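Subject: Handover of a structure and the findings from it

Dear colleague,

Please find below the structure that I am handing over to you. The findings follow directly after it.

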Amino acid sequence: MAQASVRLKRPLDDAALAGVGAVLGRSFAVTALDRGGEGLSATVSDDVSDERLREALVQVLRVSRHAASEQGFAHDPADWRGEDAQPALEARGDVRRLGPGLFAFGGAFLAVRAALDTLVQAIAARQGAAELAYPPLWPVGVLRDINYFHDFPQLAMLAPGVAPDFAARTRFSEAHRRGSGPGAIACTAEDGLAPAANALAPTVCDCCYWLLRGRSDVADAAFTIHGTVFRNESSPAGALERLTAYTMREVVVIGSEGFVLARREALLAELEALGRGLGLRCTIEAADDPFFCNDALQKGVLQGLARLKHELRVVAFEGRTFAAGSLNLHNDFFSRSYGYALAGGGTAFSVCMGIGLERLAYALFCRHGLEPERWPAPVRALLGLGAADRAGQAGLPGAARTG
Ligand SMILES: [Zn+2]
C-alpha cells in the first residue's frame, strides 16, 4: 500500500478529478483519491513506495492540465433517446458471456456487427484501400520495436507455448488434467511454459508498417484490415463497451506527408458522416492514448498538444459515453521505429482510422432499440439491412430466446 499527496497550484474541478482518477487507475489499484483544502491525496493498494506514487501523481496532474477538451464535431439528434440494450441482448441470447471481457455473439447483434464492418470497408474502398489480413498473434518484436510494452504494460497480453521438450510437456500435461482446478495457469518454466515469442495483437494495423522495415521504396498507399484485438482489461460491471477481445476494422494510409494529411482530412469527414448517418449522439474530439504512469505519460501531453488522436465518442445512453472509433495520425513514428522510407529517401508518414465494431453495434442497439427491422429507414439503408429476416438470425446455441 502507498499514500501520497501533492499540493494543487490551481483548483481541480470534478471532471478533472475524475480524469486524474482514470489515468492513475491504469497503473495502480486506487483505493482513495481525495481533494482536500491542501491538495490532492491518493491511496493505492499496490506494493509501491510512497515516493513513486507521488511522482506518478505529479505526472498525472501535469497531463490532466493539458487534457484536450477541444471538440471539433458534435451531432445531437433532436429525437435522441438511449437505453442500455445489453440486458435485453443477453436475455434473448444475441450476446452471451464467456468470461470477464469475453462474449459470444449471434442473432441481430452479429448481423449489425457484420453490417458495420461492411460499412467501414466501403469507407476504405473510397480511399482505394487494398484488403490485408494478419494473424491475431504477432512476434513480440512488432510491439517491442514501437515501445508498446513500455508505454502500455497494463494492456499487454502475451501468448506463451508449452516448452518444446519432453519433460516440460509432461509437467504441463500432468499439472493440468481435467479437474486440476479452475484457476489460471502460471506462465513459468516450472509449469512447462516456454518464454513468449508472440503477443496477442492489441490492434490491427502495426504489421502493415512492420512488414515495411528496412525498405526505402515505400509508395503512397491505403490498406484495410479486419481483426480480433486483445487488451488486458475488462469492464468490472461486465459491460459490452470494454472487452478483452473484440473486433476492429481499420483503414491505414501510408506515404508522403502531403498524401497522408490529405487522406486524414478525408477520413475525418468519413468519421463525422458515420456518426451522423447512424443517428448517434456523438462527438469527435482530441484524445490521448492510455499511456502508463512512467515517462510514457509525457507522450500523452505531446500527443494532445499536437492533436494526433481524435476519437468518435458516442453517448450510448444517459451517463454512458465511450469511444467507438479513432483517427490516429502517427506522423513518422512507425517509419522511425521500424526503419523504412519513401522511394527517394523521404520520410514516410501514416494515419489510421479504427472502428471498434462491438462498441458501435452496442451503441446502435442502445440508440435505436432491439429490433433492427424497426430502425429508421436511413440507418437501415446505410447499414445495407434489407427486408426483415429474423429467420436467418438464429441465436447462439443454447440461448434462451425471449425476443
Ligand atoms: Zn491503427
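**Domains and overall layout**

The C-alpha centres of domain 2 and domain 3 lie 36 Å apart. The chain is divided into domain 1 (2-64), domain 2 (71-153 + 201-392) and domain 3 (160-195); these bounds come from an automatic or database domain assignment.

Please note that this is a predicted model, in which local features need pLDDT of at least 70 and side-chain atom pairs count only at pLDDT 80 or more, while totals for chains, interfaces and linings use all residues. Residues are numbered from 1 along each chain as its sequence is written.

The chain contains 13 helices and 15 strands. Helices (H or I, at least four residues) and strands (E, at least two) are DSSP runs, numbered from the N terminus. The C-alpha atoms fill a box of roughly 60 × 55 × 55 Å, taken along the principal axes.

Of the 403 residues, 36% count as buried. A residue is buried if 20 or more other C-beta atoms lie within 10 Å of its own, exposed if 12 or fewer, and partly exposed in between, with C-beta atoms placed from the backbone. Among the contacts in the chain with a separation of 6 or more, 74% are made by residues 24 or more positions apart. Two residues are in contact if their C-beta atoms, placed from the backbone, lie within 7 Å.

**The sheet of β1, β3 and β2**

Three strands form an open, antiparallel sheet in the order β1-β3-β2. Strands β1 (2-7) and β2 (30-35) stand at the edges, each with a single partner strand, so one side of each is left without a neighbour in the sheet. From one strand to the next, the twist averages 10°.

Strand β2 runs antiparallel to β3 (residues 39-44), and five bridges join the two; strands pair if DSSP finds at least two bridges between them. A hairpin of three residues connects β2 to β3. Within this pair, V30 has V44 as its bridge partner in β3, and R35 stands opposite L40. Of the six residues of β2, the number buried is zero, so the strand lies largely in the open.

Helix α1 (residues 14-25) lies across β2 and β3, running at about 155° to β2. Axes are lines fitted to C-alpha atoms, for helices over the stretch in contact, and angles run from 0 to 180 degrees between N-to-C directions.

R7 is found in strand β1 and counts as exposed, because it has 7 C-beta neighbours inside 10 Å. Leaving aside residues up to four places away in sequence, R7 touches E38 and G39.

**Strand β11 and its partners**

Strand β11 (residues 245-255) is mostly covered, with 10 of its 11 residues buried. Strand β10 (residues 221-230) pairs with β11 in the antiparallel sense over 10 bridges, and F230 has A245 as its bridge partner in β11. The pairing of β11 with strand β15 (residues 349-356) is also antiparallel and runs over eight bridges. There, I254 stands opposite S350 in β15.

Helix α4 (residues 107-126) has 20 residues and reaches 29 Å from its first C-alpha to its last, close to the 28 Å expected. The expected span is 1.5 Å times one less than the number of residues. The buried residues of α4 include F109, V112, L116, V120 and I123. Just after α4, G128 takes a positive phi of about 70°.

C366 lies in helix α12 (residues 357-368). It counts as buried because it has 24 C-beta neighbours inside 10 Å. Not counting residues up to four places away in sequence, C366 touches G82, E83, D84, A85, A316 and F317. C366 and F317 are 49 residues apart along the chain, and their C-alpha atoms are separated by 6.6 Å.

With kind regards
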